[in-house]
Amino acid sequence: IHLTWREPLADSTLYALRVTSINPAEQPADHVWTIEVDDQASELLPAPSVQRFANVGLTMSVPSLRVPGSTVRGSGGNRLRLVFTPTVPARSLTLRAVLGYDFGAGSEESACKTMRLQGRASDDKTRPLLVVPPLQQCTAATMVIEFSLGILVGYEYELTLDVLTPEAPAVNPGDFQLFSYIDGGGFGDEAWAPSPKLFPGMAQFIVERVSGSQESGALVTSKLSMAFKEDIAADDILELAFPPMFSFPNMEAANFTCPVEWATPAVGPPGICKCRIRKERGRDLKRCTVTFWVNTTSADGDHRLAAPWSAGSQLSFRVIVVNPSAVPSAYDNMLRISLFGSGGVDPRSMGHQRGWP
């Protein structure tokens, strides 16, 4: 703002002026004001906080639509992760989802029982995590969850909790809304986060432990049964992804073979087992996968998996893995199966189940 006066301003005189402005959408990095008169300038003055959460991000543990029959806290429930940095202290938060999401309701299925909130100093990522006070109150409904606890300025928070994704895709899903209230009930911060992109879900995905125990380092044989809502075509790819730190037995051996055995049909494409280290949210995590390339070879009538494989037809196989040394976080602990088209980057269909134990 540039102002001029008809007469010179007198020295040693206190002047006041009022300015009406529109707050920015986000708080600027250089959030200061100054006033200059001729060749004189004031010190930098901190501007009032723009009450909008900063560094907001929202992701799903598995970016897929809901598998029919799933419940919020059941094995087919998904996990939401929300990060945010407040600009004012707050005593309660409200997260409002878009149409189709479900945080559950009632004592047994409420996402309140699965909530985890932690904070870290936003100016020093190496400082230990902040111990967040326990929830004082929490209420979950179909698309809204409200909870009361202390939120401090100067910390970046991470909230994770169980949720059900929509059953059907939305043309324009809209945004999630997060807002807070300060002591006394006044309005705090507010922000919107775009809805995550969700891929089509499966008709069915079931995981059963056939043998082995829940102990860390134990060998476990699991049977995976599934059905897709669409045909499996020639050159499609099936990918099974395990939660972090699972591994395959004797993978370092020169004669290692991928420990996969088909059940339905009796013969299927061989599994290709791979493990690699990935950097995720500042951590090195080992991720192991099994990949199947579907071909058009047909033999033994209906006893071999061959394209096209009709939508709704059952597939099942057994796989042997080694349990990790520690239980992965609730957000990471998901077993995922994906169907990719030939040369496709995005999955045509995806399903998941909670992992070990």
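A polar contact is a pair of N or O atoms within 3.5 Å; within protein, one must be able to donate a hydrogen and the other to accept it, and residues adjacent in sequence count only if both atoms are side-chain atoms. With that in hand, welcome to a predicted model, in which local features need pLDDT of at least 70, side-chain atom pairs count only at pLDDT 80 or more, and totals for chains, interfaces and linings use all residues. Residues are numbered from 1 along each chain as its sequence is written, and side-chain values use heavy atoms, with hydrogens and water left out.

**Overall build**

- The protein chain holds 1 helix and 22 strands (DSSP runs numbered from the N terminus: H or I of at least four residues for helices, E of at least two for strands).
- Its C-alpha trace spans about 100 × 45 × 40 Å along the principal axes.
- Of the 357 residues in the protein chain, 43% are buried (buried is under 20% relative accessible area, exposed over 50%, partly exposed in between, with a 1.4 Å probe and protein chains only).
- Contacts (heavy atoms within 4.5 Å) between residues at least 6 apart in sequence join residues at least 24 apart in 71% of cases.

**Asp 162 and its arginine partners**

- Asp 162 sits in strand β11, residues 155-163, and counts as buried because its relative accessible area is 5%.
- The side chain of Asp 162 makes a polar contact of 2.8 Å with the side chain of Arg 79 and another, of 3.1 Å, with the side chain of Arg 354.
- Leaving aside residues up to four places away in sequence, Asp 162 also touches other residues, including Val 72, Arg 73, Phe 103 and Thr 114.

**Ser 338**

- Strand β21, residues 334-340, contains Ser 338, which is buried at 3% relative accessibility.
- Not counting residues up to four places away in sequence, Ser 338 touches Ile 237, Leu 238, Glu 239, Pro 347, Ser 349 and Met 350.

**Backbone points to look at**

- Most residues other than glycine have a negative phi, and most peptide bonds are trans.
- The peptide bond from Thr 264 to Pro 265 is cis, with omega near -5 degrees, and Pro 265 lies in the loop between β17 (260-264) and β18 (272-280).
- Ser 12, in the segment before β1 (32-33), has a positive phi near 55 degrees and is exposed at 82% relative accessibility.
- Met 245 has a positive phi of about 75 degrees; Met 245 lies in the loop between β16 (237-241) and β17 and is partly exposed, at 40% relative accessible area.
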